[in-house]
Amino acid sequence: MSIWEYANPVKFLRLTDKLLPPLAILSIVTLTIGLVWGFFFTPDDFRQGSTVKIIYLHVPAALMAINAWLMMLVASLIWIVRRHHVSALAARAAGPVGAVMTIIALATGAIWGQPMWGTWWAWDPRLTSFLILFLFYLGYIALWEAIEDSDTAADLTSILCLVGSVFAVLSRYAVNFWNQGLHQGASVMRAGAFAGDTEERVSNVFAIPLFVSMAGFFLLFLTLVLLRTRTEIRSRRIKALLAKERAA
Amino acid sequence: MIALLIRDLRLAVRAGGGFGLGLSFFLIVTVLVPFGVGPETGLLAKIAPGILWIGALLSCLLSLDRIFALDFEDGSLDLLATAPVPLEGAVLVKAIAHWLTSALPLVVAAPLLGILLSLPAEGFRWVFVSLLLGTPALSVIGTFGAALTVGIKRGGLLLSLLVLPLYVPTLIFGAEVARRGAEGLAVETPLMLLAGISLGALAFLPFAAAAVLRMNLR
């Protein structure tokens, strides 16, 4: 019994059949708890007021935007090395989800930035690298759509994903060149999540609902990707059936 | 491989429009900028390095789809893939040919166009050097993009969408070298990083490009 068994589309469908409903419910529940807790049951920040509450959308979305690309990278590698179709289709399914997460992170960031920094947008390293990440998502999705033969499409997009990852990381550090920018550094995960409160760290009052929201976003991402992968598998089956019918 | 290089160069020169077109495009983009932002000398001098870089990058982009498209259509790309020369080498030669015919004229022309943008005297040298070091990366990355989209009908727009994000680091460091040079600051760090990107792209991307070419020719 290994994870590779689920490279078989039939087994994958059977497993996700059972897995999806509880996952969907769990993600809805976690998201509701995290967001409601964050929005209504946390105190206002003493300097930022209630605007700080957008963090419960902004940070988890940004987290998933990056991790979706990482997942696509791993899935692409698996496709190149072991040629499991489910893996390629999962990478394809994750693309649009990741792109939407990137948009959410950028949009909530702009909405948050307007009252706090006095500007919707600044060419700050973090903001810029997210915009570049979004462009990479666009290119990746567009390449999938443009190629008709599905195996070739999977091959080409996975190579694009590998090369793109290298250049995305390069860009991430290249934009650091200008200046530190307006965005603060990492402060959520610093110095142990649940250790003692320090000046540098987000206080537990805010951090715990934030972690719940992160878990909610992760579960949501997982649900959406599994759902979309199933759709991809089915649509490929339909295509195969139609081809067979036409040949007969 | 040398024969291939000579063939590509000859084709580019004789087909006409090869570097002439790219150069004219570069000229027009540079001329359009003062129309857009106004002819104020101080402003132009400040943004001149960046404009020259963006102009060179866009002109480079224009000629990318020629790298493989014609060879793909008439089948000579299949012959190249089955030739005793490794396809990686052939791809590298194609990239070098593209650089010689499309990018090198831009590099030479950029300081001249700098006059139009009232580039500070210090800047001429650094615009030239940064373009000389950075354009090989543009050519190789572009070759990879061209290899990705070779099988797609009307892939030109898609090619731009794929290649432009990949150009970001090169553009940042290249324009940074030119800007710092123009302002008389130290340029070593971005210059080395720019050279690093070029060398890294030259070393690794031909393999990726050859891999996607093989997939496209299957």
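Two residues count as in contact here if their C-beta atoms, placed from the backbone, lie within 7 Å. This is a predicted model, in which local features need pLDDT of at least 70 and side-chain atom pairs count only at pLDDT 80 or more, while totals for chains, interfaces and linings use all residues. Residues are numbered from 1 along each chain as its sequence is written, and chains are lettered from A and ligands numbered from 1 in the order in which they are written.

**Stop one: where the chains meet.** Select chain B's face towards chain A: 21 residues of chain B are in contact with 21 residues of chain A. Now colour α7 (121–148), α8 (156–182) and α9 (188–217) of chain B, which each supply at least two residues of that side. The top contributor is α8(B), with 10 residues. (Helices are DSSP runs of H or I, at least four residues, numbered from the N terminus.)

Pick B:Val212. Leaving aside neighbours within four places in sequence, B:Val212 is in contact with A:Leu156, A:Ile159, B:Ala147 and B:Leu148.

**Stop three: a helix pair in chain A.** Show α4 (residues 125–146) and α5 (residues 150–174) of chain A, which pack at about 170° with axes 10 Å apart. Axes are lines fitted to C-alpha atoms over the stretch in contact, and angles run from 0 to 180 degrees between N-to-C directions. So α4(A) and α5(A) are roughly antiparallel (angles over 145 degrees).

Methods: Parallel < 35°, antiparallel > 145°, perpendicular 65-115°, else oblique.
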